[in-house]
Amino acid sequence: MEQMSLEARVGRLEDDPPIALEAVDFTVVDPTALRRRFAEIFTYIATVEGAVPQNIADITTLLPDLGPLDRRFLVLWEGHELAHSAIFDALRARLELPERNGIDRPAPPTRPRRSFMAFGALAKVTWLQDVFKLVYLARGAMNEHMTYDCYRYLGHHFDSLGEHALVRTVTEPIRRQEAAHLGYYRLAAATHRRTLSAAQVRLAGHITARTYAPVGSTPAGRDESGRVFTGLAGAHVDAVLDAVQDIADQLLGADSRPLPRFVHEAMAECLGRTGAGPDPTGCPTWN
Ligand SMILES: [Fe+2]
Ligand SMILES: [Fe+2]
């Protein structure tokens with residue numbers, strides 16, 4: 001039954017096409033205020049949403065045995081997220097912000113990152129591949145929840161600035177798609193978890209806690225991630241992190257062995273609050 005339900009979720013996503021630029025009302029009331037408050041945030045969003053082809057190259061290398069349903073989801077997920085990126089690039093252009101790294105639409109990568117090729121070799125062991133798949137699906141649910149919350153808070157900011165066209169045609173429709181992605185990942189992870197042993201689930205939890213970083217953060221950009229997430233959620237950032245940790249606990253935890261509060265720790269690192277001194281690895285990320 002659950003497989004049917006997962007299938008139904010993918011079918012529903014297939015009925016929801018990527019948001020076309022023509023459907024967006026880019027009417028802006030106060031471009032100066034938007035530039036001042038959101039230049040870095042819009043760039044971050046456009047970059048992270050636009051990184052999906054790289055993520056897919058990595059994931060399909062790590063998990064060469066993904067099933068047809070998983071692959072169907074990846075195709076529509078890519079279409080949705082690239083459209084989100086294009087919307088924020090178009091908005092940045094309207095606001096006369098400089099192009100990202102001089103090139104707004106980089107060519108999709110054709111090769112996975114080297115770290116994923118190494119993991120992919122390990123994943124030839126089916127037992128490990130099943131562990132990595134749970135890590136991937138749980139991470140997807142965590143990232144989508146965080147993304148969903150970011151669009152929710154961005155919508156509140158737009159609302160309070162009177163930017164109602166952007167709420168109606170940007171943050172609301174995107175937020176709905178992020179919620180649908182979250183629904184898929186959460187159900188896919190819970191379904192997959194039931195096929196694993198306790199030792200596999202424990203290892204998946206351990207890997208996730210050791211490698212987690214807020215969505216989009218990189219070793220070079222952890223300060224930026226901290227600014228973006230606190231810039232969006234402000235005093236509510238702890239609530240955003242609590243929700244992400246809850247998902248990890250549900251999908252990867254066990255009653256007898258709770259996961260550490262690694263989501264808050266990862267964000268604290270991005271905000272320079274660890275007090276542990278510089279970390280040469282920065283924010284490890286596995287997006
Ligand atoms: Fe997105
Ligand atoms: Fe998404």
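Helices (H or I, at least four residues) and strands (E, at least two) are taken here as DSSP runs, numbered from the N terminus. The structure described is a predicted model, in which local features need pLDDT of at least 70 and side-chain atom pairs count only at pLDDT 80 or more, while totals for chains, interfaces and linings use all residues. Residues are numbered from 1 along each chain as its sequence is written, and chains are lettered from A and ligands numbered from 1 in the order in which they are written.

The protein chain holds eleven helices and zero strands, giving the pattern α-α-α-α-α-α-α-α-α-α-α along the sequence. Of its 287 residues, 41% count as buried; a residue is buried if 20 or more other C-beta atoms lie within 10 Å of its own, exposed if 12 or fewer, and partly exposed in between, with C-beta atoms placed from the backbone. Two residues are in contact if their C-beta atoms, placed in that way, lie within 7 Å. Among contacts between residues at least 6 apart in sequence, 84% join residues at least 24 apart.

Buried in α8 are Val 201, Leu 203, Ala 204, Gly 205 and Thr 208, and their cover includes α6 (126-160), α7 (164-193) and α10.

Helix α10 (residues 237-252) also packs with α11 (residues 262-270), at an angle of about 140° and with the axes 8 Å apart. The two helices are therefore oblique to each other. In this contact, Leu 241, Val 244, Gln 245 and Ala 248 of α10 meet Val 263, His 264 and Met 267 of α11. The residues involved divide into five nonpolar, two polar and no charged. Axes are lines fitted to C-alpha atoms, for helices over the stretch in contact, and angles run from 0 to 180 degrees between N-to-C directions. Angles under 35 degrees count as roughly parallel, over 145 as roughly antiparallel, 65 to 115 as roughly perpendicular and the rest as oblique. Ala, Val, Leu, Ile, Met, Phe, Trp, Tyr, Cys and Pro count as nonpolar, Asp, Glu, Lys and Arg as charged, and the others, Gly among them, as polar.

Outside the helices, Gly 272 lies in the segment after α11 and is exposed, with 11 other C-beta atoms within 10 Å. Gly 272 and Gly 226 are 46 residues apart in sequence, with their C-alpha atoms 8.5 Å apart. Glu 96, in the loop between α4 (68-94) and α5 (114-122), is exposed too, with 8 C-beta neighbours inside 10 Å. Glu 96 has a positive phi of about 60° although it is not a glycine.
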